[in-house]
Amino acid sequence: MDNRKNLIKQLSKIGLFLVIFFICLNVFSHILLPKNNNKKSGIKYENARGFYGERKNSLDIIALGNSNLYSSFIPNQLWNNKGYTSYVCAEPSQTVFQAYALLKEVFSCQKPQLVILETDGLFTKGDEFEQITSMYMKEIFPVFEYHSRWRSIQISDFTDSPHYDTTINNKGYVYRSAVKPYKGGKKYLKKKNKRDNFNVFNQMYLDKINQLCQENHASLLLLSVPSAKAWNYEKHNIIKEYALKKNIPFLDLNTEKKQANIDWMTDTKDKGMHLNINGARKVTKYLEEYLQKKYTFIDHRNDIRYDEWNRNKLKTIESKT
Amino acid sequence: MSYTSFSYLLFFLGITYVLYTLFPKKYKYIVLLCMSYLFYIVSSSWLIVFIVLTTFIIYFSAIWIDKINSIFIDVKKNLNRDEKKNLKNKLLWQKKAVVCVMLFFCLGALIFLKYYNLFSEILNFVIFQHIHLELPYLKLLLPLGISFYTLQAISYVIDVYRGKYKADYCLPRVALYLVFFPTIVEGPIGRYDEYAYQLYEGHSFHYENLTFGCQLILWGLFKKLVIADRANLFVNVVFKSPQDYAGFAVIFSIIFYTIQIYTEFSGCMDIVRGSAQIFSVHLPQNFKQPFFSKSINEFWQRWHMTLGTWLRDYVFYSVSLSQPFKKFNQLVKNHCNGYLSKLLPATTALFFVWICNGLWHGASIKYIVYGMYYYVLMVLGMFLEPVFIKVMKIFHIHKETQYFRVFQIIRTCILVNIGMLIFRAKDLTTAWNMFLSCFRDFSLQPLSSYGLRLSDLLMIVCGVVIVFIVGVLKEKGVSIRETIAKRNIVLRWTVYFAALFIVIILGAYGRGYDAVSFIYAQF
């Protein structure tokens, strides 16, 4: 009887300890969570989170992916030529898990008609289980993401609620002007029947992204932007197979190089890995036509609610943010 | 799977503990065994084949040796003295043959996978290039923890051979001894009689072991995440381009590396021992405040203790008790004076210990020199001891005075730091150049140029002070966890929550910090 009583006492202590622990985690999360979506506030990769500052439900297109994407797609050019609003929510080495988490954030304030997912992130290698666990922990308790903010903590962090209203001029695109040619020729796209393999977790989260898009009435487009170093035919084959199976459009601008007209001597900033501004202009140009042909977006250029986009036109793409 | 990851701490350890607690006592070992294999597969996939094969090899080798021993016991009653002696010799050879076969496979796998490229490089340079042959370079995968579990495997069979204990006929127990998930990555290198039975017998829920285990894990996380990974920022900057730095920058980078490797390795051991303790398994200590050592010899009795004792038991004793060595011993006794005949055999046997120590750390000439560095220091200490005693007498220095002890500790720390320089530098030339650069250009650049912020530096200093105070208390025999446990609940929980949130908030993980793998995990 005594043993039983003792056990109940010990288990209650453990329970109480955990309850207090989770309360403290929540309190610290509230304190350390950035109160704005700008760099100064310490938000994670602010360039990908500028969509928070856009007027609610004003974005037509959201693009997710890694550095290949933010070097290739220029939302301001798409606006200038077609009047579609878009935002590039791309982060360096973004995994498909991070893309999923970010998409959930996007849907909390935007209703895009189209979600573009750049496919290179689907092949990121690493401890996937840890990446997923860590992603959820950071989502539930932001203290794990923003713990380093203790250095810049202010009194307002204890009292204010988050208010994300900062916009980014380049809408997530990162301007790169350097030219370092890729001299490997067509080697990287030698046609092969072999296909790469999806990691089980990557495929699971690709499915989840697809499902999330369906739930939010958005179409999904799988896109592979030109990258001589990161892309190959094995990757193309597996994505193509998946896209056919799930009935999702897949646009590979590596294999459709002729249309995108990429010149690896002038259009890359680092020997074939990322595109520079020349390459990005070509890719966006191609996407403009593709999107106009395949989807029905409204041209907002004459809509006064989108004046901020017209004003933004005056600010050059060649700015860092 | 890293011991500091969410997936290990929350899921792997958590789920294993829940399953272990829920399973009936008789079958608890199955939980540990299955989860240990799962841990291995997740971390090393198909390379699990190596550890499974090693398990079978040592299991059957030990049983074979046991059978040979039983033959002798059964037959000896009916034999006369000479026949007994003959049979004993014959069976001894058979036992030796079994040990050799076991060593061939277990040690052979380790030597081939870890050292093939080093030896082929040496052989190509010394022999093959002269006869226009070349041993190819092979891209070999190293199974997780092979350097640790191979030593455990060998110790089990040799102990059975030496008659320390009998062979275990329970295969799951032998398997669990080798693959137990907290110890597989970095040790400690346990002994069969110390913890195999603890692992196998089921333990019921034990509140004190659970809480003490969690506290030890937290202490380990503090050392790894708050101190080691932060010190790594500075260490990496200097060691990546050592030619750009000199004077204080190099001196501090060496000291910071020593801090990093100590807090990281001992922190990992705390996580490992804490993880085992929550299952009521008590693992041997690997560190005992090594930086309070007064000599290099003492340092190695306090640093990576399980490796030191393993080398002592299975290399030093094996060499010392071998027939050729006994003959050498006799020869020295006959031809040398008392001083030399006392020191030569010991220093000769030590040579093998330190060669093995160096090689165990890695397949590179640098690590052999690292072992030899300590060997030379120890041998010099032994040979020059009479000189030191005389000098101390002349200057009236008493060994027991506080000042002299402090001097000895500082001297040992300096020598250890030089050893760490050899250990960390890219190669021997870099180590030598860095050593020389310690004595020139003492200008200091702003902290940011070393990849550190002032707050990071303060964190490291505060962390080291806490580790130092804890070390002093431990030296005085104070059991910190027990002392805290005796306090009232408010004070106790305040300490625990403070520690938890210090690790969560001040830990050098996530954005802005590179995830640093455990240094010893690569061995």
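1. Leaving aside its neighbours within four places in sequence, Glu118(A) is in contact with Ala63(A), Leu64(A), Gly65(A), Asn66(A), Asn68(A), Leu69(A), Leu223(A), Ser224(A) and Val225(A); contact requires C-beta atoms, placed from the backbone, within 7 Å of each other. Glu118(A) belongs to strand S3 (residues 114-118) of chain A. Because 26 C-beta neighbours fall inside 10 Å, Glu118(A) counts as buried. The burial classes are: buried for 20 or more other C-beta atoms within 10 Å of the residue's own, exposed for 12 or fewer, and partly exposed in between. Tyr295(A) is 177 residues from Glu118(A) along the chain, and their C-alpha atoms are separated by 18 Å.

2. The model is a predicted one, in which local features need pLDDT of at least 70 and side-chain atom pairs count only at pLDDT 80 or more, whereas totals for chains, interfaces and linings use all residues. Residues are numbered from 1 along each chain as its sequence is written, and chains are lettered from A and ligands numbered from 1 in the order in which they are written.

3. Five of the five residues of S3(A) are buried, so this strand is largely enclosed by the rest of the structure. Leu114(A), Ile116(A) and Glu118(A) point one way from S3(A), while Val115(A) and Leu117(A) point the other way. Helices (H or I, at least four residues) and strands (E, at least two) are DSSP runs numbered from the N terminus.

4. The open sheet of chain A has five strands in the order S2-S1-S3-S4-S5, with parallel pairing; a pair needs at least two DSSP bridges between the strands. Strand S2 (86-90) and strand S5 (250-252) of chain A are at the edges with a single partner strand each, so one side of each has no neighbour in the sheet. From one strand to the next, the twist averages 20 degrees.

5. Within this sheet, strand S1 (residues 61-65) of chain A and S3(A) pair in the parallel sense over four bridges, and Ile61(A) has Leu114(A) in S3(A) as its bridge partner. S3(A) is joined to S4(A) by five bridges, with Ile116(A) opposite Leu221(A) in S4(A). Three bridges link strand S4 (residues 219-224) of chain A with S5(A), where Phe250(A) is the bridge partner of Leu222(A).

6. Between the chains, 19 residues of chain A are in contact with 19 residues of chain B. Helix H1 (2-32), H5 and helix H6 (143-146) of chain A are the elements that give two or more residues to the chain A side. By class, that side has nine nonpolar, five polar and five charged residues. Ala, Val, Leu, Ile, Met, Phe, Trp, Tyr, Cys and Pro count as nonpolar, Asp, Glu, Lys and Arg as charged, and the others, Gly among them, as polar.

7. The axes of helix H5 (residues 128-140) of chain A and helix H1 (residues 6-22) of chain B come within 9 Å and cross at roughly 90 degrees. Axes are lines fitted to C-alpha atoms, for helices over the stretch in contact, with angles from 0 to 180 degrees between N-to-C directions. H5(A) and H1(B) are therefore roughly perpendicular, a term covering 65 to 115 degrees. Phe129(A), Glu130(A), Thr133(A), Ser134(A) and Met137(A) of H5(A) make this contact with Phe6(B), Ser7(B), Leu10(B) and Phe11(B) of H1(B).

Note on methods. Parallel < 35°, antiparallel > 145°, perpendicular 65-115°, else oblique. Contact = placed C-beta atoms within 7 Å.
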